[in-house]
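Me: I've got a structure open and I'd like to talk it through. Can we go step by step?

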Amino acid sequence: MTSHEAAVDVPEPARSRWRPHVVVAGRIGLAVLLLIAWKVGADAAGPLYAADPVKVFERIVGDTLSGSLLRHIYVTLRLSAIGFAIGCFCGVALPFVLRRLPRLTRAVEPYIMASVGVPKYALVPLFILWFGIDDAPKLWLVGLLVFYPVFIAVFAGIRNVDRRLIAMARVVGASEAAISREVVWNSLLPFFFAALKIALPRAVSAAIIGEFLVGNEGLGYMIEHSRQSFDTTGVFTGVVVATALVLVINAVLERIDRRLNAWRPVERDMQV
Amino acid sequence: MAAPPLLEVRGLSKRFATRTGREPSPWVIQDLSFAVREGEFLTIIGPSGSGKTTLLNMLAQIDTASGGEVRFQAETAPISDPTRLSPGLSCRIGYVTQEDNLLPWRTTLQNVLFPLVVQRRLNDQTRARTEMLIRAVGLAGFESHYPHELSGGMRKRASLIRTLVYDPPVILMDEPFGALDAQTRTQLQEDLLRLWSLGRKTIVFVTHDIAEAIALGDRTLVLSKPPARIAGEHTNPIARPRDVSGIMTHPQFAALYRAIRVEVQ
């Protein structure tokens, strides 16, 4: 609200100088509005259905001080990170292997693409049946959910590599390994980062959902446990912490992307 | 006795693969034969669409031939088998393509050093040579610029010296100065002749510009319309060193130009 008035009040020439501040003020204003809406909504719904932001904040501080929240975050992050690493590695490595085997690629491509359609969450009961109730079924879930977006993007990225650059590299004596590393990998980095923006939040979500179903630690367990004991504040706390986690991961990813793609002539990053 | 040719093309033919069910595609190049002596600057001229780039792609061993053979130092290149193709014949044939094909994520210096890095030949000596070449073509001060930060002429220079740094015995050039303005082009032609006079590489230079073919070459081959064959061969009488910008006023230019003009259809 304040932002809009400020923009109107400022005379025309000075406008550009004020615009950044206006945007920041608008964002803060929006955040305050959302918090107020949350508070009003929570009061209206009652403590059984919604937790009020003040209580959530108190809970976050309390659980952080007691160390239990950090433990849950650590467990979830560890699970996400390992599952992500496995899924991401396979998602990158497989297209590079297939690049060298065009006939095999043509044979398996329809099967891989069909397997995209399998609802991965529906496989969790099978994973529990096959891999027990430790980390393994959760890692399978996280790994698969990360694998697909990475695989599809890298696969498309490899097809998109400028063949003339590859021909040039071959003529000047680059080995196939050097071409993969230098030409192909650098060409598909934008595709890879686009995939990571999907895959990283997915890894955290998948870990949390895995923890709903199996185990006795982690943010997912914390949310589900709170729900079972009618601790709505606990549920809200889990959701807020999980969201914050994903936002932090995205911010880090954004920085890495900027650094690696600094050579690019145009600012092609979409603000998400 | 004349030295044996460094590079020899015998009965070379090319037609591209067709989709099934269509009639066979026409021959782009048919029964083409010529030879290049060591240290010779050969220019090849032909109308657009006469298969000049296709010819160079085959000489560079990045495309297969449908018939005939390419011999380098009396050794037959495996050019008819796509799985045995050896691009650049183990770094002995350099190729300056029509597009600069610089790696957009690498700086000018990294791009120019790229062949030395992948060939594991980067040492003080090759590095010094690279610096000399960068200075010789006026790219000093632009080493850390990315390709998109360079002008078209600078990108051409970078792609030219990227091939010169690793010193292949034969260099193929595919209309490297085609897309440039006349001023820059003359400048680059002079640079090329100066660099060539230092090292006397064997150069096969393809162009559609008759004046360029005359200004640069020791000998000029004229290609016919497809299927490409040799329509004419002209030994260039103009003495070196040549004045590239004033080549058209040279007394022997007009006769040579007319003779080639007639054959380029």
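Predicted model: local features only at pLDDT ≥ 70, side-chain atom pairs only at ≥ 80, totals over all residues.

Me: Let's start with helix α8 of chain A. How many of its nine residues are buried?

Reply: The helix is mostly covered. Among the buried ones are A:L165, A:I166 and A:M168, and A:R170 belongs to that list too.

Me: Which strand of chain B do the buried residues of α8(A) pack against?

Reply: These buried residues have partners in both chains. In chain A they pack against α9. In chain B the partner is residues 93–96, which is β6.

Me: Which helix gives the most to the side of chain A that touches chain B?

Reply: Chain A puts 13 residues into the contact, and chain B puts in 19. In chain A, α8 and α9 each supply at least two residues of that side. The top contributor gives six residues, and that's α8(A).

Me: And by class, how many residues on that side of chain A are nonpolar?

Reply: Two of the residues there are polar and two are charged. The nonpolar count is nine.

Me: What happens just after α8(A)?

Reply: Look at the backbone there, at A:G173. Its phi is positive, with a value of about 100°.

Me: Now for α9 and α11 of chain A. How are they oriented to each other, roughly parallel or roughly antiparallel?

Reply: Two packed helices are described by the angle between their axes and the distance between the axes. Here α9(A), residues 176–213, and α11(A), residues 232–260, have axes 10 Å apart and an angle of about 165°. An angle over 145 degrees counts as roughly antiparallel. So α9(A) and α11(A) are roughly antiparallel.

Me: Which class do 13 of the residues in the contact of α9(A) with α11(A) belong to?

Reply: On the α9(A) side you'll find A:L189, A:F193 and A:V204, among others, and they meet a set in α11(A) including A:L245, A:I249 and A:L253. One residue of the contact is polar and two are charged. The 13 are nonpolar.

Terms used:
Residues numbered from 1 in each chain as written. Chains lettered and ligands numbered in written order. Axes fitted to C-alpha atoms, helices over the stretch in contact; angles between N-to-C directions. Helix = DSSP H or I, 4+ residues; strand = E, 2+ residues; numbered from the N terminus. Parallel < 35°, antiparallel > 145°, perpendicular 65-115°, else oblique. Contact = placed C-beta atoms within 7 Å. Nonpolar A, V, L, I, M, F, W, Y, C, P; charged D, E, K, R; others polar. Buried ≥ 20, exposed ≤ 12 C-beta atoms within 10 Å, placed from the backbone.
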